[in-house]
Amino acid sequence: MRVTTAERSYHHGNLRAALLTAAAQALEAGEELSMRAVARRAGVSPAAPYRHFADREALDSALAVEGFDRLRAELDAALADVPDSSPAGDVVATLAVAYVRFALRHPASFRLMFGHECDEADSERVRAAGRLHEMLLDVVRRLFPRSDATSLSRGLWSLAHGLAFLHLDGKLRPDPAADVDERVRASIAAVLTVNEGEHP
């Protein structure tokens, strides 16, 4: 098997990262996402991707895992910027805004992440999604200690997720960004206010 100069320049582990970066760029650019095309974009031999991914499905799964991890990191960063004394509704709204922003910045990756049925055989992808859901559940448990945290976190996640796709699909205008943020915040506030009104 011929190894290119570009491949030799990658240290251990870097080739996989470079291939995932190339695949994500191609995905967001609307280009063909084949193993050969990814290799070409990464500047390596056509055989190189197969050292890390058995086939296109494995590459898709790895991209989804990376997407879930990036989304969780962005939500963690958004939380870190919220003062400890902030009302629960503001914290949830901040997370929802970060969630929708991620979707609008990485639309193709976002669709890939959530565009497949739950497959327990794809354990890495399931675990990555699980880490995201667990993070959201922990936040809800902390903010609303007397709630049914599982149901509430699922409901709030569904709201943010639905808003993300309404904007992605053009049912709601995806710009300007400030209007999107305000729409998301207002939706979260409306739902939480109704809930508080019915359950004093």
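Reading helix packing in a predicted model

From the N terminus on, the elements of the protein chain run α-α-α-α-α-α-α-α-α, and the model that shows them is a predicted one.

Q: How many helices and how many strands does the secondary structure of the protein chain come to?
A: The protein chain has nine helices and zero strands. Of its 200 residues, 41% are buried, and among the contacts with a separation of 6 or more, 68% are between residues 24 or more positions apart.

Q: Taking helix 7 as a case, what length does helix 7 reach from its first C-alpha to its last?
A: Helix 7, which covers residues 123-143 and has 21 residues, reaches 30 Å between those two atoms, close to the 30 Å expected at 1.5 Å a residue.

Q: Are helix 5 and helix 7 roughly parallel or antiparallel to each other?
A: In general, two packed helices are described by the angle between their axes and the distance between the axes. Here the axes of helix 5 and helix 7 come within 10 Å and cross at roughly 165°; angles over 145 degrees count as roughly antiparallel, and helix 5 and helix 7 are therefore roughly antiparallel to each other. The crossing in which helix 5 passes helix 7 is left-handed. On the side of helix 5 the contact is made by Ala88, Val91, Val92 and Leu95, and on the side of helix 7 by Met135, Leu136, Val139 and Leu143. By class, this contact of helix 5 with helix 7 has eight nonpolar residues, no polar and no charged ones.

Q: What is the angle at which the axes of helix 4 and helix 6 cross, and which residues make the contact?
A: The axes of helix 4 and helix 6 come within 9 Å and cross at roughly 110°, and the two helices are therefore roughly perpendicular to each other. Helix 4 contributes Asp60, Leu63, Ala64, Gly67, Phe68, Arg70 and Leu71 to the contact, while helix 6 contributes Ser109, Leu112, Met113 and Phe114. The residues of this contact of helix 4 with helix 6 divide into seven nonpolar, two polar and two charged.

Q: Where is His161 found, and is His161 buried or exposed?
A: His161 is found in helix 8 and, at 16% relative accessibility, counts as buried, the cut-off for that class being under 20%. Leaving aside neighbours within four places in sequence, His161 is in contact with Tyr99, Phe110 and Phe114.

Q: Where does His52 lie, and which residues is His52 in contact with beyond its neighbours within four places in sequence?
A: His52 lies in the loop between helix 3 (35-42) and helix 4, and with a relative accessible area of 34% it is partly exposed. Beyond those sequence neighbours, His52 is in contact with Leu15, Arg16 and Leu19. The C-alpha atoms of His52 and Ala17, which are 35 residues apart along the chain, are separated by 9.9 Å.

Q: Which residues does a cis peptide bond join?
A: In general, most peptide bonds are trans. In this model a cis peptide bond joins Asp175 and Pro176, with omega about -5°, and Pro176 lies in the loop between helix 8 and helix 9 (177-198).

Notes:
Residues numbered from 1 in each chain as written. Predicted model: local features only at pLDDT ≥ 70, side-chain atom pairs only at ≥ 80, totals over all residues. Heavy atoms only, no water. Helix = DSSP H or I, 4+ residues; strand = E, 2+ residues; numbered from the N terminus. Expected span 1.5 Å × (residues − 1). Axes fitted to C-alpha atoms, helices over the stretch in contact; angles between N-to-C directions. Parallel < 35°, antiparallel > 145°, perpendicular 65-115°, else oblique. Left-handed = near helix turned anticlockwise from the far one by under 90°. Contact = heavy atoms within 4.5 Å. Nonpolar A, V, L, I, M, F, W, Y, C, P; charged D, E, K, R; others polar. Buried < 20%, exposed > 50% of the residue type's maximum accessible area, 1.4 Å probe, protein only.
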